[in-house]
Amino acid sequence: MAKITYHGHSCVVVESQGKSVIIDPFLNGNSHAKIKPSEVKVDAIIVTHGHGDHIGDSIEIAKNNNCPIISNFEIANWCAAKGANVHPLHIGGSHIFEFGKVKLTPAVHGSSLPDGSYGGFPAGILLFMGGKCIYHAGDTGITSDMALYGRLNEIDVALLPIGDNFTMDINDAVEAAVLLQTKAAMPMHYDTFPIIPADPKEFIEKVKERGIKGILCLPGESVEI
Ligand code: NI
Ligand code: MN
């Protein structure tokens, strides 16, 4: 069992067996977030790529919780230079932490950090917690590699961006869910900025037509998987 709470944009908290992690903690500046960085209590932070709407409040949360930021080597080094605890990983690599296992997959996107520093290669995340496999796609276009992630992992829930412009749109995200052979799919990365409007209910309907369960969590809502 694992509990996923959506905080708008690409930010989720995953909890299981008394441990919790936050992915892409963009809260300050996220019009959908109902919590402040100071309210976040977690055992780790996972960051998909360097863009400000993903690295977000990672440094503050890491310092408050004395917990590591898990990301690619370049982002981990940038965070370490700002005084945060880090655990560097890189694409294709995984590590078992106390809360579970994290593996980075490629994402088709960019990754520069807010100050223009090089942020390495953007990632998606395979998070194994509470006997479940959660795939967080990060920011990405659709790629046929997703079929491989589906073949190699039994994915319980795929969190997929649907807002278009910077990432997949709804139709591409539906195809991604099919490629991933995921049991359930949850939309993210939409409506937070005027340039990424999308109707999450349309995504839910369309994945259902393809035999995949759609999970719609509004900001602040949770689902148990
Ligand atoms: Ni991005
Ligand atoms: Mn983004």
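Donors are N, O and S atoms within 2.8 Å of the metal (3.2 Å for Na, K and Ca), and because water is not among the atoms, sites may look incomplete. This is a predicted model, in which local features need pLDDT of at least 70 and side-chain atom pairs count only at pLDDT 80 or more, while totals for chains, interfaces and linings use all residues. Residues are numbered from 1 along each chain as its sequence is written, chains are lettered from A and ligands numbered from 1 in the order in which they are written, and side-chain values use heavy atoms, with hydrogens and water left out.

Next comes the manganese ion (ligand 2). Asp53 (OD), His54 (NE2), Asp139 (OD) and His189 (NE2) are its protein donors, lying 2.1 to 2.3 Å from the ion, and their spacing along the chain is D-H-x84-D-x49-H. Asp139 coordinates both metals, and the manganese ion (ligand 2) and the nickel ion (ligand 1) are 3.3 Å apart. Asp139 sits in the loop between strand S10 (132–136) and helix H4 (145–152), and His189 in the loop between strand S12 (184–188) and helix H6 (200–209), so this pair ties together parts that are 50 residues apart in sequence. Helices (H or I, at least four residues) and strands (E, at least two) are DSSP runs, numbered from the N terminus.

Asp139 is buried at 2%, and His189 is buried at 0%. His51, with a value of 21%, is partly exposed, and His109 is also partly exposed, at 26%.

Finally, H4 packs with helix H5 (residues 170–180) at an angle of about 35°, their axes being 7 Å apart. Axes are lines fitted to C-alpha atoms, for helices over the stretch in contact, and angles run from 0 to 180 degrees between N-to-C directions.

How values were computed. Buried < 20%, exposed > 50% of the residue type's maximum accessible area, 1.4 Å probe, protein only.
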